[in-house]
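Hi,

Here is the structure I promised to pass on. Have a look at it first, and then read my notes below.

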Amino acid sequence: MKISVVIPVYNEVDSLRELHHQLTQSLSPFESYEILFIDDGSSDGSVDLIKRMSETDDHINLIQFHRNYGKSAALAEGFKYAEGDYIVTMDADLQDDPAEISNLVSKINEGWDVVSGWKVDRQDPITKRWPSKLFNAVMRFVTKVKIHDFNCGLKAYRQKVVKAIDLYGGMHRYTPALAAQKGFSVTEIPVNHRSRNLGLLNTVVLEYFMASMIY
């Protein structure tokens, strides 16, 4: 079994070394794995750092965009090239905990096609938490997919799922619903969520609500 970890990167140079260290520890029990960093037009040295890390770790692959296309495009590109039997997605800012990868994989092994992380104790300001709660409530009502946290970056998929769904625009928020529409099974597990202390803070406030209204 091979694990692919797909990580969109946009100006995260401050967090990448520690993220790589934690990933190496979390992925070492697996027989085979790859780490795909999808650079989404960073201008802060993230690309140079990933290239340097790849010189000493052949598990690392870099896919580089020359301008910012957004998270959906980055994930779609990662899904295209991912070779793993299971594909794990996570953010690069250290809020997602790489130690949760084994828990996601264990849940997939129970027979699920998609396992979404649920940030039960979300370490974000209220300006992000409350719009997110509204977004998730609307999504549960509209899609009938009964999970709490559609937009958690930490997810695991069987390969057949990521090859079957199309991502564009802001569709990365809806991957559990897109998978369910294709007939794949979807569940969630609680995951550790950490405070953001480094790098660029990507704020999302009313975007959650507006996106749910046009779904």
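A quick definition before anything else: helices (H or I, at least four residues) and strands (E, at least two) are DSSP runs, numbered from the N terminus. Please keep in mind that this is a predicted model, where local features need pLDDT of at least 70 and side-chain atom pairs count only at pLDDT 80 or more, while totals for chains, interfaces and linings use all residues. Residues are numbered from 1 along each chain as its sequence is written, and side-chain values use heavy atoms, with hydrogens and water left out.

Overall, the chain has eight helices and seven strands. Of its 215 residues, 53% are buried (under 20% relative accessible area; exposed is over 50% and partly exposed lies in between, with a 1.4 Å probe and protein chains only).

Now the sheet. Seven strands make an open sheet with mixed pairing, in the order S3-S2-S1-S4-S6-S5-S7; two strands count as paired if DSSP finds at least two bridges between them. Strand S3 (60–65) and strand S7 (186–190) are at the edges with a single partner strand each, so one side of each has no neighbour in the sheet. Strand S1 (residues 2–9) and strand S4 (residues 86–89) run parallel and are joined by four bridges, with Val 5 opposite Val 88 in S4. Helix H3 (residues 71–81) packs on this sheet and touches S1, S2, S3, S4 and strand S6 (155–158), a contact being heavy atoms within 4.5 Å.

Next, the charged pairs. Counting a side-chain nitrogen of Lys or Arg within 4 Å of a carboxyl oxygen of Asp or Glu as a salt bridge, there are eight.

One of them pairs Lys 2 with Glu 34, the closest N and O atoms being 4.0 Å apart. Lys 2 is in strand S1 and Glu 34 in strand S2, 32 residues apart. Both Lys 2 and Glu 34 are buried, and together with Glu 83 they are linked in a network of salt bridges.

Another salt bridge joins Lys 80 and Glu 77 (3.4 Å, N to O). Both lie in helix H3, three residues apart, which is about one turn of the helix. Lys 80 is exposed, at 53% relative accessible area, whereas Glu 77 is buried, at 18%.

Arg 158 and Asp 113 also meet in a salt bridge (3.5 Å, N to O). Arg 158 belongs to strand S6, while Asp 113 sits 45 residues away in the loop between helix H4 (101–108) and strand S5 (114–118). Asp 113 is buried, with a relative accessible area of 9%.

Cheers

Terms used:
Axes fitted to C-alpha atoms, helices over the stretch in contact; angles between N-to-C directions.
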